[in-house]
Amino acid sequence: MPLPENKPAESAVSARADRPFRGIALLLAATICLGTSDATSKYLSATLPSIEIAWIRFLVFVLIMIPAMRPGSPLHALRTSRPGLQVMRSVALLGSALFFISGLRFLPIAEASAISFVSPLFVTALSVFFLKESVGLYRWLATAAGLIGVLIVLRPGSSAFDPAALFSLATAVTWAATLIMTRMMSSERAVTTMTYAAIVGFAIMSVLVPFVWVWPSWRDIFFAIVVGVSSTAGQWIVVLAFRYANASVLAPFSYTQLIWVSFLGIVVFGEVPDVWTVTGAAIIVASGIYTAHRERLRRSAGLLVQAEPSSNP
């Protein structure tokens, strides 16, 4: 799920602070959309190749974003000051989607989702190198705890280990890279970033899909459209949610997506998460929430320092 960390103007901060419950409600709605997209992708993976599912998903995405591509439209979003970074971010986003769909073919949806939710911990590590952020001991410990949670879910070296779980781990890494580049483009409009993601993802998938093409049934086409609409709606609702509440407020609620996909996994696919998956997921969620808490404290301390009066005349 997107967790943009843009630096808004002071007025935007006040607007968010006044409506945190609206942000939380929007985020909960987004998790339902995104969870539905994940479950439908898993359903389609039984009959269609992962690349084809991703292609249809980005086809729907690009069709929805067409109004933002028209030069005369008020939504025109192709102007950007960071074209190279936009393309790189779009490729990372595409990789995240493709890795996740590939993993769903072989893994229970709850397990795949739990592993992919370790991405905020990778963001912590990558922010040191790419954003030059200072990460304290407690955030590193939370990151280590989250990785331990991943190992509990994966159980490498045991008979329960499925190499397909590496797809979900790759999902987490590429999604973390997507978030890092989103932070680096904090001045860009959300509609611009989404438009580039749609165009780049669709273009790359259009080159790859002829090599794996399987003629879909009308039922497959219907569910593929559901994937595209629900994933696009989920991403857009997340952007709206962050207009009303800070990341540290919303982060704990983003993990409700695990509950939703686990429910869909049980009802639709008959996949009951085992005790290892539940335990590992709980550790991942706890470490992610604690990381968000430490981030909130760090930002609050920074705001206090900025608010102190200067001793200079």
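For these notes, contact means heavy atoms within 4.5 Å.

I'm working on a predicted model, where local features need pLDDT of at least 70, side-chain atom pairs count only at pLDDT 80 or more, and totals for chains, interfaces and linings use all residues. Residues are numbered from 1 along each chain as its sequence is written, and side-chain values use heavy atoms, with hydrogens and water left out.

**Overall.** I looked up the secondary structure and got 13 helices and zero strands. Helices here are DSSP runs of H or I with at least four residues, strands are E runs of at least two, and numbering starts at the N terminus. Of the 313 residues, 49% count as buried, meaning under 20% relative accessible area with a 1.4 Å probe and protein chains only (exposed is over 50%, partly exposed in between). Among contacts with a separation of 6 or more, 90% join residues 24 or more positions apart.

**α9 against α10.** Two packed helices are described by the angle between their axes and the distance between the axes. I took α9 (residues 190-208) and α10 (residues 218-241) to begin with: their angle is about 160 degrees and their axes are 11 Å apart. That makes α9 roughly antiparallel to α10. My cut-offs: under 35 degrees is roughly parallel, over 145 roughly antiparallel, 65 to 115 roughly perpendicular, the rest oblique. Axes are lines fitted to C-alpha atoms, for helices over the stretch in contact, with angles from 0 to 180 degrees between N-to-C directions. Which residues of α9 and α10 meet? Ala-190, Val-191 and Met-194 on the α9 side touch Thr-232, Gln-235, Trp-236 and Val-239 of α10. I sorted this contact into five nonpolar, two polar and no charged residues. Ala, Val, Leu, Ile, Met, Phe, Trp, Tyr, Cys and Pro count as nonpolar, Asp, Glu, Lys and Arg as charged, and the others, Gly among them, as polar.

For α4 and α9, I got axes coming within 8 Å and crossing at roughly 60 degrees, in a right-handed sense. Their contact splits into 10 nonpolar, five polar and one charged. For α3 and α9, the axes come within 8 Å and cross at roughly 140 degrees, and this crossing is left-handed. Trp-55, Phe-58 and Phe-61 are among the α3 residues in the contact, with Phe-202 and Met-205 among those of α9. I count 14 nonpolar, two polar and no charged there.

**Cores.** A nonpolar core is a set of buried Ala, Val, Leu, Ile, Met, Phe, Trp, Tyr and Cys residues joined through side-chain atoms within 4.5 Å. In the largest one, with 31 residues, Leu-44, Phe-61, Met-65 and Met-205 touch the most other members. Helix α3 gives the most to this core, with seven residues. I then checked Met-205: beyond four places in sequence, Met-205 touches Ile-51, Ala-54, Trp-55, Leu-94 and Leu-98. A second, separate core has 24 residues, including Val-153 and Ile-284.

**Burial spot checks.** Is Thr-40 buried or exposed? Thr-40 counts as buried because its relative accessibility is 9%. Thr-40 lies in α2 (residues 20-44) and touches Phe-223, Val-226 and Val-227, leaving out residues up to four places away in sequence. Last, I looked at α5 (residues 109-116), where eight of eight residues are buried, Glu-111 among them.

Note on methods: A crossing is left-handed if the near helix is turned anticlockwise from the far one by less than a right angle, and right-handed if clockwise.
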